[in-house]
Amino acid sequence: MFKILSRREMAQGTVVENVIEAPQIAKKAKPGQFVILRVNETGERIPLTMANTDPERGTITLIYQIVGKTTSLMKTLQVGDALMDIAGPLGKPTHIDNIGTVVCIGGGTGVAVLHPITRGFKEMGNKVIGIIGARNKELLIMEDEMKAASTEFEVCTDDGSCGYHGFGTDLLKKRLESEKVDLVVGIGPVPMMKFVCSVTKQYDVPTLVSLNAIMVDGTGMCGCCRVSVGGDTKFACVDGPEFDGHKVDFDGLSQRLAGYMAEEKVSMDRFTA
Ligand code: FES
């Protein structure tokens, strides 16, 4: 069992942060890796990327959006409650090197995934430009943490309630026009990552994305997380979760993510009944 040590609601209760006791995972985890958890014995297995790890305290931090039955159930758990099992760390860590200037752009709970990667690139001596965005000020998450993890930092909101009034891709474009950028890391909802990649492609800047495919085993056996990258079938759990964004078939990924919507709705209706 994995005990919840702290709990915080963010983005008007649509996102929850749990710090969880998981010493073995905390010891090994690297930026970009994820875990697969089950809330209880009959629970589905869901992948979540770690927003933070503390090997000394033996904890991992998970930040998740309430999107369906499992995350709704997780939201009901309080400090002192426990998750049934957590497997990890899984997936390949982000390849972090000293390459020059890196733009780390995130949206939604993708910011939680982006945070350790941003910090990792800065610690490696890169100039890191952090850009995060949300629909409005209330939905922004990890603003302070991302600011601390970046060399330069910008915020944007769709309604202008905080920072730049507009999309993160506008800020990204300005950066790409004004300075040499060696790598862009874009993590967020699929349409956002697709848009980031269409912008960076125009400037021929390598771009990494982290794919939130549906997963079951997380070890490359079930095929559930398959994605098309450069025309090849890849498994997000073992070949990723990060891929060259210019080669990812985002439309195929969106279709697969929507593949169980009817079942998810039935499950949610039963949960709330
Ligand atoms: Fe089963 Fe990736 S989750 S192959």
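I started with a pair of charged side chains: E152 and K127 meet in a salt bridge, 3.5 Å from N to O. For my own notes, a salt bridge here is a side-chain nitrogen of Lys or Arg within 4 Å of a carboxyl oxygen of Asp or Glu. E152 sits in strand β10 (residues 152–157) and K127 in strand β9 (residues 127–134), so this pair ties together parts that are 25 residues apart in sequence. Strands are DSSP runs of E with at least two residues, helices are runs of H or I with at least four, and both are numbered from the N terminus.

A reminder before going on: this is a predicted model, where local features need pLDDT of at least 70 and side-chain atom pairs count only at pLDDT 80 or more, while totals for chains, interfaces and linings use all residues. Residues are numbered from 1 along each chain as its sequence is written, and side-chain values use heavy atoms, with hydrogens and water left out.

Next I asked myself: is K127 buried, partly exposed or exposed? Buried means under 20% relative accessible area, exposed means over 50%, and partly exposed is in between (1.4 Å probe, protein chains only). K127 has 27% relative accessibility, so I put it down as partly exposed. E152 is partly exposed too, at 29%.

Then I looked for what else E152 touches. R175 forms a salt bridge with E152, and their closest N and O atoms are 2.7 Å apart. R175 lies in helix α5 (residues 168–178) and E152 in strand β10, so here the parts tied together are 23 residues apart in sequence. R175 counts as buried, at 13% relative accessibility.

R175 also has a salt bridge to E179, at 2.9 Å from N to O. E179 is partly exposed, with a relative accessible area of 21%. Salt bridges that share partners join K127, E152, E154, R175 and E179 into one network. Searching the whole structure, I got 12 salt bridges.

Last stop was helix α3, residues 110–123. Its 14 residues reach 20 Å from first C-alpha to last, close to the 20 Å expected at 1.5 Å a residue; the expected span is 1.5 Å times one less than the number of residues. In α3, 11 of the 14 residues are buried, so the helix is largely enclosed by the rest of the structure. Among the buried ones I noted H115, P116 and F121. After α3 comes G125, with a positive phi near 100 degrees.
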